[in-house]
Amino acid sequence: MANNVTGLTRIINAAGYSWKGLRAAWQHEAAFRQEVLAAIVAIVIACWIDVDVISRVLMIGAVVLVVIVEILNSAIEAVVDRIGQERHPLAGQAKDMGSAAVLLSILLALFVWITLLWTHLR
């Protein structure tokens, strides 16, 4: 199915699809809501504390990455659930790997925050 829409119309359509995806994640995924709220708190803290610009960008980027990975994980789960509710090893692997990606992104964010705060407070 080819999409012949180009130019500004394509960009507008893409923005609309992205907005629908964000709304769906917010409405149907508790983990997404929790991580967005945690990211907002973290971003406020990153803007409030006295760190250099690079540190601030890294701190904010790390928490935004967690939200991005959570959206991708939710998309994987939605596709797997759409295919069927019966248990299949590959479906379980896909969901587990998506969850692992979220965990790794959270660990990365914690590492970035701890490292930057440690160097700043020394």
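## Overall fold

Helices (H or I, at least four residues) and strands (E, at least two) are DSSP runs, numbered from the N terminus. By that rule the chain reads α-α-α-α along its sequence. It holds four helices and zero strands.

This is a predicted model: local features need pLDDT of at least 70, side-chain atom pairs count only at pLDDT 80 or more, and totals for chains, interfaces and linings use all residues. Residues are numbered from 1 along each chain as its sequence is written, and side-chain values use heavy atoms, with hydrogens and water left out.

## Size and surface

The chain has a radius of gyration of 18 Å, while a compact globule of 122 residues would have one near 14 Å. The radius is taken over C-alpha atoms, and the globule rule is 2.2 Å times the number of residues to the power 0.38. Along the principal axes, the C-alpha atoms fill a box of roughly 55 × 40 × 20 Å.

Buried residues make up 22% of the 122 residues. Buried means under 20% relative accessible area, exposed over 50%, and partly exposed in between (1.4 Å probe, protein chains only).

Contact means heavy atoms within 4.5 Å. Among contacts between residues at least 6 apart in sequence, 61% join residues at least 24 apart.

## Helix α4

Helix α4 covers residues 89-121, 33 residues in total. Its first and last C-alpha atoms lie 47 Å apart, close to the 48 Å expected at 1.5 Å a residue. The expected span is 1.5 Å times one less than the number of residues.

The buried residues of α4 are Gly98, Val102, Ser105, Ala109, Val112, Trp113 and Leu116. Their cover includes α2 (30-48) and α3 (53-83). An α-helix has 3.6 residues a turn, so residues three or four places apart point the same way.

Two residues of α4 show the contrast. Ser105 lies in this helix and is buried, with a relative accessible area of 5%. Ser105 touches Val66 and Val69, not counting residues up to four places away in sequence. Leu90 is also found in α4, but Leu90 is exposed, with a relative accessible area of 55%.

## Helix α3

Helix α3 has 31 residues, which should span 45 Å at 1.5 Å a residue; its end C-alpha atoms are 45 Å apart, in agreement. Its buried residues include Ser55, Met59, Ala62, Val66, Val69, Glu70 and Asn73. The buried residues of α3 pack against α2 and α4.

## Ala46 in helix α2

Ala46 sits in helix α2. It counts as buried, at 0% relative accessibility. Leaving aside neighbours within four places in sequence, Ala46 is in contact with Val51, Arg56, Met59, Ile60 and Trp113. Ala46 and Ile60 are 14 residues apart along the chain, and their C-alpha atoms are separated by 6.8 Å.

## The start of the chain

Val5 is found in the segment before α1 (7-28). Val5 is partly exposed, with a relative accessible area of 31%. Not counting residues up to four places away in sequence, Val5 touches Arg10 and Asn13.
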